[in-house]
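I opened this notebook to keep track of what I looked up, one entry at a time.

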Amino acid sequence: MFVLVLFGVAVREVRWGEGDTRGPMRAALAGNLVNFVLNLALIPGAGWGVVGAGLAALAGNVTELALLVLPVAGRLRGARWDRAA
């Protein structure tokens with residue numbers, strides 16, 4: 001999950017650098033909403049405890065990352081790793 005968070009931060013910074021502040025905020029709100037709803041459903045609802053909290057956090061992070069990446073996905077496909085960089 002740590003890699004997802006770091007990738008999300010990198011993409012968010014790219015979006016901010018391009019002048020888009022609303023898109024990352026909407027993605028963060030959507031991710032937090034997914035996390036909140038799944039916490040309610042999985043921790044007390046399903047009785048999954050810590051496992052439910054972890055799954056809810058993962059789903060929230062994936063939601064946020066997906067909403068951040070969608071607008072820049074075309075440009076990310078063309079990205080290449082450069083050892084010199």
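Which residue forms a salt bridge with Arg 12? I looked up the pair and found Glu 13, with the closest N and O atoms 3.3 Å apart. A salt bridge here is a side-chain nitrogen of Lys or Arg within 4 Å of a carboxyl oxygen of Asp or Glu.

**Entry: ground rules.** I noted that this is a predicted model, in which local features need pLDDT of at least 70 and side-chain atom pairs count only at pLDDT 80 or more, while totals for chains, interfaces and linings use all residues. Residues are numbered from 1 along each chain as its sequence is written, and side-chain values use heavy atoms, with hydrogens and water left out.

**Entry: the chain as a whole.** I found four helices and zero strands. The pattern along the sequence is α-α-α-α. Helices (H or I, at least four residues) and strands (E, at least two) are DSSP runs, numbered from the N terminus.

I then looked up the overall dimensions. The C-alpha trace spans about 50 × 30 × 15 Å along its principal axes. The radius of gyration is 15 Å, whereas a compact globule of 85 residues would have one near 12 Å. That radius is taken over C-alpha atoms, and the globule rule is 2.2 Å times the number of residues to the power 0.38.

Entry: Of the 85 residues, 21% are buried. Buried means under 20% relative accessible area, exposed means over 50%, and partly exposed is in between (1.4 Å probe, protein chains only). I also looked at contacts (heavy atoms within 4.5 Å). Among contacts between residues at least 6 apart in sequence, 63% join residues at least 24 apart.

**Entry: charges.** I recorded 8 positive and 5 negative side chains, the centres of the two sets lying 5 Å apart. Lys and Arg count as positive and Asp and Glu as negative, with His and the chain ends not counted. The place of a charge is NZ of Lys, CZ of Arg, CG of Asp or CD of Glu.

**Entry: salt bridges.** The count comes to two. In the pair from my opening question, Arg 12 is partly exposed at 23% relative accessibility. Glu 13 is also partly exposed, at 38%.

The other pair I looked up is Arg 15 with Asp 20, whose closest N and O atoms are 2.5 Å apart. Arg 15 counts as buried because its relative accessibility is 5%. Asp 20, at 24%, counts as partly exposed. Arg 15 sits in helix H1 (residues 2-17). Leaving out residues up to four places away in sequence, Arg 15 touches Asp 20, Gly 23, Pro 24, Leu 67, Leu 68, Pro 71 and Val 72.

**Entry: Glu 64.** What is the nearest side chain of opposite charge to Glu 64? I found Arg 12, 5.1 Å away. Glu 64 is buried yet has no salt bridge. This residue lies in helix H3 (residues 49-69). Not counting residues up to four places away in sequence, Glu 64 touches Ala 27, Ala 28 and Gly 31.

**Entry: Gly 45.** Is Gly 45 buried or exposed? Gly 45 counts as exposed because its relative accessible area is 59%. I placed Gly 45 in helix H2 (residues 22-45). Last, I looked up Gly 45 and Gly 78, which are 33 residues apart along the chain, and their C-alpha atoms are separated by 43 Å.
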